[in-house]
Amino acid sequence: MDLEEIQSLIKFVAKSGATEVELETGDFKITIKTPNKKKNGEPDTIIQQVPVGIPPLPVAPAPVAPASVAPASVAPASVAPAPAEADSKYITVKSPMIGTFYRKANPESDVFVNVGDDIAEGKVVCVIEAMKLFNEIEAEFSGKIVKVLVDDATPVEYDQPLFLVDPS
Amino acid sequence: MAKKKVTIFKKILIANRGEIALRIIRTCKEMGIKTVAIYSTADAESLHVRFADEAVCIGPAPSNDSYLDIARVISAAEITNSDAIHPGYGFLSESAKFSKICEEHGIKFIGASPEMIDGMGDKASAKATMLAAGVPCVPGFEGLIENAGHAIKMAAEVKYPVMIKATAGGGGKGMRICWDDENLKVNLKSAMQEAKAAFGNDGMYMEKFIQEPRHIEIQIAGDKYGNACHMSERDCSIQRRHQKLVEETPSPFMTPKLRKRMGDAAVKAAKAVKYEGVGTVEFLVDKNRDFYFMEMNTRIQVEHTITEEVINFDLVKEQIKLAAGIEITGQGYEPKLHAIQCRINAEDPQHDFRPSPGKITNYHAPGGHGIRIDTHVYAGYTIPPNYDSMISKLITVAQTREEAITKMERALDEYIIEGIKTTIPFHQQLMQDSKFREGDFTTKFMDDFEIKKY
């Protein structure tokens, strides 16, 4: 199953209103769950793709694979971009620099933004640390935080997607 | 005898791109060292990114915002916990500032120390150092040119024709040949302007212009214990606008006696500056087989490959070992075979070698006995317009020069690269050229070479 087919399947499932679809073929088993609403109003799509038997050849295009600098394990088709493709009206906030991503100014404070928060242009959404210097990253547009794409205290690279924002 | 402490690196970040990044990754893999590739957004599909253990995108396409941006490179090394950085050639490989910053961050720079780079980077002071060490240099006048009047006095002593050169220069910029006083006055002005623009420093010095020299360089290696050796020569006289096109070893102009004299001079040069790592001492050789120090490159070079093939030696591995504090592998090396390298560029030889970036639609590399290809391209790869035009190095190695040329002809005939223009047809014509085949060429060769229509 290639990335395009998976994307079509997700779109189909989202449209159909079904909450869970499981598909198994000779090589793959794919589970798509779409709870329509989470408690903070965020629509979410969870995908688990488990290769059965022979592992598939990496299908994801090259720009996706190198993004996993973080040691977190990555399924052959990376999870983060897929919902982004499906929800193309959202804007991605991308990292302007290389460093370590933090959601808080310091361990004691609160996170800068949560999922569901409204942000205005210029709002500090996170801090990226490089060479002992902490750089505040500001939003370049306003909207609502739909998803946080990177875990706290994770290394990020240039252009790496950090947040999904609904600009409407 | 005290045991020398040695730490082989666990992870090396390669601060470069293209074929040399891949070259370094390959040797690291063989040595069991983990690799980190850095890349700009334009290089996301590049082979060096795919072959490395980890990869970090460090910026947009322009080199100033990516490969040349020290902060970004160091950040990438930090988040990946790299303990050494290999700078390749070009980019930051001869940046004293970068070497120093690596030092300050506890990352081993696999290259020269900041002091060494500064010493050899300043051409006028490099020359003074060499003279003091007893290495023959191009006859010239010591010190910088103060003004036009001073220049004319210098030229009277050095005798025309003279070459005025930028002290902070390189890559053929800020250099002018002058044939008389009037010529000198005009050229001095324009050269200083060019030097100021290119290097931020318009200091100029003067040398005798060696007419129709050969460019013959000696590969050297030095360790931190004061040992140094040489690995014989490479002839790089086939140049266009000071850019090398073809390199070979041994030089068709070399004799065992000259090799001994030049090799000894190169080792003297290395020891005089306590050189650590691999490097190259470049000489100009005139028709009388008198040789003169030109400059010293404190990095691995594009043409290191041909030396590797004729002595069966991995220079990148040696470079990494030297950086880790291991002794040089030992004695001087003499070429046992003959090797030629043709640099394949994405350029159109029929239109003044203008660059031809774009997508490679079809790619088939030659193979077989005595063929080596160092490249980062493949079918479907798009050459970005932001970097230099070299896409592949085709190397042949054989028992004799004639066989190496024949192999090169055969290999060039097999080499298919479609979708862009390349310099393969130029190399095919060059291999057929009678003067080239006789080994009768100097750095002036390309001035007179005419491309036949194809």
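**A sheet, a contact and some domains**

In chain A, four strands line up as an open, antiparallel sheet, in the order β4-β11-β9-β6. Keep in mind that this is a predicted model.

- For β6(A), pairing with strand β9 (residues 143-148) of chain A is antiparallel and runs over two bridges.
- If you want to spot one of these residue pairs, look for A:D118, whose bridge partner in β9(A) is A:K144.

**Where the two chains touch**
- Chain B brings 19 residues to the contact, and chain A brings 13 residues.
- The most comes from α3(B), with seven residues.
- Sorted by class, that side of chain B has ten nonpolar, four polar and five charged residues.

**Domains of chain B**
- Chain B splits into domain 1 (11-110), domain 2 (139-208) and domain 3 (214-448).
- Between domain 1 and domain 3 of chain B, the C-alpha centres are 23 Å apart.
- Here 24 residues of domain 1 of chain B are in contact with 21 residues of domain 3 of chain B.
- On the domain 1 side, α1 (18-30) and α2 of chain B are the elements giving two or more residues, and α1(B) gives the most, with six residues.
- By class, this domain 1 side has ten nonpolar, seven polar and seven charged residues.

Notes. Residues are numbered from 1 along each chain as its sequence is written. Chains are lettered from A and ligands numbered from 1 in the order in which they are written. This is a predicted model: local features need pLDDT of at least 70, side-chain atom pairs count only at pLDDT 80 or more; totals for chains, interfaces and linings use all residues. Two residues are in contact if their C-beta atoms, placed from the backbone, lie within 7 Å. Ala, Val, Leu, Ile, Met, Phe, Trp, Tyr, Cys and Pro count as nonpolar, Asp, Glu, Lys and Arg as charged, and the others, Gly among them, as polar. Two strands pair if DSSP finds at least two bridges between them. Domain bounds come from an automatic or database domain assignment.
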